[in-house]
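Subject: Structure handover

Hello,

Here is the structure for you to look over. My notes on it come after the file.

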Amino acid sequence: MSKQTYRVCFCFRRRFRLTAAEAPPDVKALFEAYSQSGVMSADDLRRFLVEVQAEASATAEEAQGIIDSLKHLHIFHRRGLDLEAFFKYLFSDANQPLDPKIGVHHDMTAPLSHYFIYTSHNTYLTGNQFSSDSSDVPIVRALQLGVRGIELDLWPNSTKDNVDVLHGRTLTTPVPLIRCLRSIKNHAFSASEYPVIITLEDHLTADLQALVAEMIVQTFGEMLVTHPGSSLLGEFPSPESLKRRIIISTKPPKEYLEGKEDKAKKSCTDSSSDDGAHPREVPDLIPRNDHDKDDDDDDDANRDVTETDEDDEKDPKVRSQAAPQYRDLIAIPAGRGKGGIQAWLRVDPTKVRRISLSEQKFEDAISGGYGQDIVRFTQKNILRIYPRAIRLDSSNYKPLCALMHGAQMVALNMQGYGKSLWLMHGMFRANGGCGYVKKPDFLLDADEVFDPKAELPVKTTLRVTVYMGEGWYYDFSHTHFDTYSPPDFRAKIAIVGVPADKKKKKTKTIDDNWIPSWDEVFEFPLTVPELALLRLQVSEEDVSGKTMFAGQTCLPVSELREGIRAVPLYTRKGEKYKCVKLLLRFEFV
């Protein structure tokens, strides 16, 4: 116990008592129940792990290992754990809410379309979508987080003899494509062995496409999946069969549009033109307003829905003008085809494909009654959703709606820190953080197509006991939250999932205390626990109602370990605090 002083003015100071973290009443009661004469032996601890922590396979050897690991704390009793040591163990990194030992445990032998894939949007940007720098640094950071879907926008450089990566028709600075490719090669499998999918937004002429093909082949070599056969098969290969492989996915080349544009221009001009000759430039495949633009589908609100897309590859002009070596690199062809949403979602039993929709088009499809068509389409094919172009600040849309409709590649701006990105961080903590999460079986049931809006019975209820938190005193300056007193912390708990499961709760505010003890219980009935995410956030709230961020995390409910767990909190950017954590209890009742 010590005291902390806050200066109110030059002649007045406030002093507050600082106390050490103390075990909550529940922890004390459990220690009494599972100890003898104030000491918890290895066998007692094993019983606690089995009966309270729901670790059915816990052994006496594992329990003894936990006891031995606490010797360095100098609170070790020679016959076992006393209350203080037991409490220290519960509040330690060895007692995480997700089991770090199970690693990748989903079936990885199903087709790619059976998985949610950790996907980024405009991965190369360091900040906003309009004026930030393009760099390979955010690409490396994304790969180190386990992201498996990387997007690159390809444009000619200033002299039109090489290829840069940048967000076209903006003030973003370019980065050479070769630098991005080399960084991907060096870091692709630093966090996961499962395949990396590179989606290309191509604004290149045929000669530069040939140059890109040469760069890709020379950089990745045998890592590259080079056979273009996915469009001819009835299903995609599995992540297991593609370990440590690089997959290129883009729309088949359509340079012939430039020829069509030239013809259209000729028909609209008369013989009074001086010479009619112009330097060859990259065709404007996307209108200048760039509304809802993205990689392979050039999504524009003003685009005619009958405009050709994947069917263009059947045009002989495409075959004659496209760079064949570039076309051969496309292992996952993309493109929506002719017509509107109903045609785009057509399931072809003879081949599989990927399409992309902007968040606006996706929302329109859902509101237009195509929700179950999307679920059916994504059982065999891959759907990528990306942010609308008006999100110039690199903000993100809510990802759960896309996930519950089976969309595999829910692309978010990885620099757009906020609730949406935190949810994706939590989603992909599942399955050992490998970047691939197996879809629930009901999203793959062709006989009874899942409807996220349907009223379903409650499968289980998650009970969360919020005991306390600690660590802010060590990770923040003593005046970070309040100049005149210790912080006033409040915790918020929410379930994000299908509409019927969404619910928010919050604790009371604990005034003037670096170690808040809430000791409150909340219950969340769940109809679809397989898609539910538990979001936790702590805020500092002063008497005026002003709040300050104090940490957050998000966890997949399907992988929560029951029992009392130490839950680490993260910064806005998703970086783990050194010391800040919560002590919670999870029960499924």
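This is a predicted model: local features need pLDDT of at least 70, side-chain atom pairs count only at pLDDT 80 or more; totals for chains, interfaces and linings use all residues.

Residues are numbered from 1 along each chain as its sequence is written, and side-chain values use heavy atoms, with hydrogens and water left out.

Cores. A nonpolar core is a set of buried Ala, Val, Leu, Ile, Met, Phe, Trp, Tyr and Cys residues joined through side-chain atoms within 4.5 Å; buried means under 20% relative accessible area, exposed over 50%, partly exposed in between (1.4 Å probe, protein chains only). The largest nonpolar core has 77 residues, and Leu 152, Ile 184 and Ile 246 touch the most other members. Helix α7 (residues 206–220) gives the most to this core, with 7 residues. Helices (H or I, at least four residues) and strands (E, at least two) are DSSP runs, numbered from the N terminus. Another core, of 66 residues, lies apart from it and includes Val 27, Leu 45, Leu 81 and Ile 493.

Helix α4. In α4 (residues 83–90), the buried residues are Ala 85, Phe 86, Phe 87, Tyr 89 and Leu 90. Their cover includes α1 (25–33), α2 (42–51), α3 (60–69), β14 (460–470), β20 (563–570) and β21 (576–588).

Phe 130. This residue sits in the loop between β3 (115–117) and α5 (137–144). Phe 130 counts as partly exposed because its relative accessibility is 37%. Leaving out residues up to four places away in sequence, Phe 130 touches (heavy atoms within 4.5 Å) Thr 170, Leu 171, Thr 172 and Leu 392.

Regards
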